[in-house]
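Hi there,

Here is the structure I promised to send over. Have a look at it first, and then read on for what turned up.

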Amino acid sequence: MADLALPDRPDAPENAENGVWLHCIECGESHPPFDEIIYTCPDCGGLLEVRYDRYPTFDEFEGTGVWRYNAALPFEEGVTLPEGNTPLHRMPRLREEIGVRNLRIKHEGMNPTGSFKDRGMTVGVRVAETLDVDRLACASTGNTSAALSAYGARAGIQTLVLLPAGKVAAGKIAQASLHDARILEVDGNFDACLDIVQELADRGEVYLLNSLNPFRLEGQKTIGLEILESFYEDHGRFPDRIVLPVGNAGNTAALYKCFREMVAGGDLAPGDVPKLTGVQAEGAAPMVEAIEEGLEDTRRWEDVETIATAIRIGNPVNAPKALPGIRETGGTAVAVSDSEITDAQREIAAEGVGVEPASAASIAGLKKLRESGVVGSGEDVVCLTTGHLLKDPEAAAAAGNDPESVGNSTAAVLRLLAGDDGGVFGRLRSLLR
Ligand code: F0G
């Protein structure tokens, strides 16, 4: 069973490099970080976690963006575009409607390639440089491929992406395409793509930058650090709960690691750790199933479907790191329907914030948990919105208003606005024009 407890006083093993090493969460073995390329424990196959000989504290952080937090990262700086420092929006109308003490939206869609994946890639591609690899790769529902393509291009390293054919939103493919990635569309879902790319990585063909790569999650920890700092600055306390969409459960694992390290460093009281609350689409909810049934790992769902294609995932590889995060922080997991996701996407947009469907799942989940009383009215809640509206223009257009055609004159526009389309003859005239 996974052991995620951090020692009070971390002692660097002999194979550590500059106080950094890889720790297996299953067997406890330590491995050198940059000697040979490994993604899981060579001894037992367990997930690896990056460990340090010291823990970060808030007073060490300076500057802005992901690298503000280099005291919590394996390098001083990375391959940067730059990323992080995303807004923590207030949502007064939505807060009122849902009925919580505070509601903030951490909009990760405001990163350089439009999703939180940039935070992982600024670190992950830096590791790839250190390892001197010549080809990067990932399986992706879209956003990881967009981010990897951009950061690979920035670093001048070739990128290969494997996508589930027909199930990736247009904006994401456009990004990978323009950033010059080689794009392979696989006749299978994301989980099948990940199986293949893992085998390519094991054969040494590519350097894997999915969230199975523990360095990715280091960068993604900074979401948690930014939330803790900004929320504290505005409200004088830390949030009670963070609600986030879950696919591979990388962010859930990263946020939990952020909290564990800040607690171990003494700057976050154990009682102040926000409750990690995961939201999945009903058609792809193995994490919700595992939480509800008290499982140690998820059962793989072979058939997954949802409008939120970013989280159309049946085999969340980070579940052994993320399930304890949800349980230990007193959080939970909930599934929402596609129509609840679309409603939430509209409601967030109605307050000026544009997000893709997967992101809206966080608000949809919060609404559901508030209605069932799991979330109390006195709670301070931060919802994570993980990707930008423009990632999935088709979903946005389908959820929003339809364009209306109008004749080429002010009079025609005025008539339309007045609710008068000119009658049969008017319609005929505008058709003939
Ligand atoms: N939201 C968005 C917009 C995503 O793109 C993803 C994952 C998630 C949430 C889920 O995050 O995996 O950390 O639980 N997208 C991956 C991709 C799988 O390939 O872009 P997670």
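Pro-82 sits in the loop between strand E3 (48-52) and E4. The peptide bond that joins Leu-81 to Pro-82 is cis, with omega at about -15°. Please keep in mind that this is a predicted model, so treat that bond, like everything below, as a feature of a prediction.

Phi of Asp-180 is near 75°, which is a positive value in a residue other than glycine.

Now to the sheets. Strand E4 belongs to an open sheet of six strands, and the order is E4-E5-E13-E10-E11-E12 with mixed pairing. Strand E4 (88-90) and strand E12 (333-336) are at the edges with a single partner strand each, so one side of each has no neighbour in the sheet. On average, and ignoring direction, neighbouring strands here are turned by 25° against each other.

At the E12 end, strand E11 (residues 275-281) runs parallel to E12, and four bridges join the two.

Helix H6 (residues 214-235) lies across E4, strand E5 (102-107), strand E10 (241-245) and strand E13 (380-385), and H6 runs at about 140° to E5. Helix H7 (residues 250-264) lies across E10, E11 and E13, at about 155° to E10.

There is a second open sheet, with four strands in the order E8-E7-E6-E9 and parallel pairing. Its edge strands are E8 and strand E9 (207-208), each of which pairs on one side only. As a reminder, strands of a sheet pair through backbone hydrogen bonds, either parallel or antiparallel.

Within this second sheet, strand E6 (residues 135-139) pairs with E7 in the parallel sense over five bridges, and Leu-136 stands opposite Thr-159 in E7. Strand E7 (residues 158-164) is also joined by five bridges to strand E8 (residues 182-186), and these two run parallel. Here the bridge partner of Leu-163 is Glu-185 in E8. Between E7 and E8 the chain passes through helix H4 (residues 170-178), giving a β-α-β crossover that is right-handed. Helix H5 (residues 190-202) lies across E6, E7, E8 and E9, and its direction is at about 150° to E7.

- Lys-117 has a polar side-chain atom 2.8 Å from a nitrogen atom of the ligand.
- Ala-249 has a polar backbone atom 2.8 Å from an oxygen atom of the ligand.
- Asn-251 has a backbone N or O atom 2.9 Å from an oxygen atom of the ligand.

How much of the ligand's accessible area does the protein cover? On its own the ligand has 470 Å² of accessible area, and the protein covers 99% of that.

Notes: Residues numbered from 1 in each chain as written. Predicted model: local features only at pLDDT ≥ 70, side-chain atom pairs only at ≥ 80, totals over all residues. Heavy atoms only, no water. Pairing = 2+ DSSP bridges. Axes fitted to C-alpha atoms, helices over the stretch in contact; angles between N-to-C directions. Contact = heavy atoms within 4.5 Å. Polar contact = N/O pair within 3.5 Å; in protein donor to acceptor, adjacent residues only side chain to side chain. Areas by Shrake-Rupley, 256 points an atom, 1.4 Å probe, with all protein chains shown as cover. Right-handed = clockwise from strand over helix to strand, strands pointing away.
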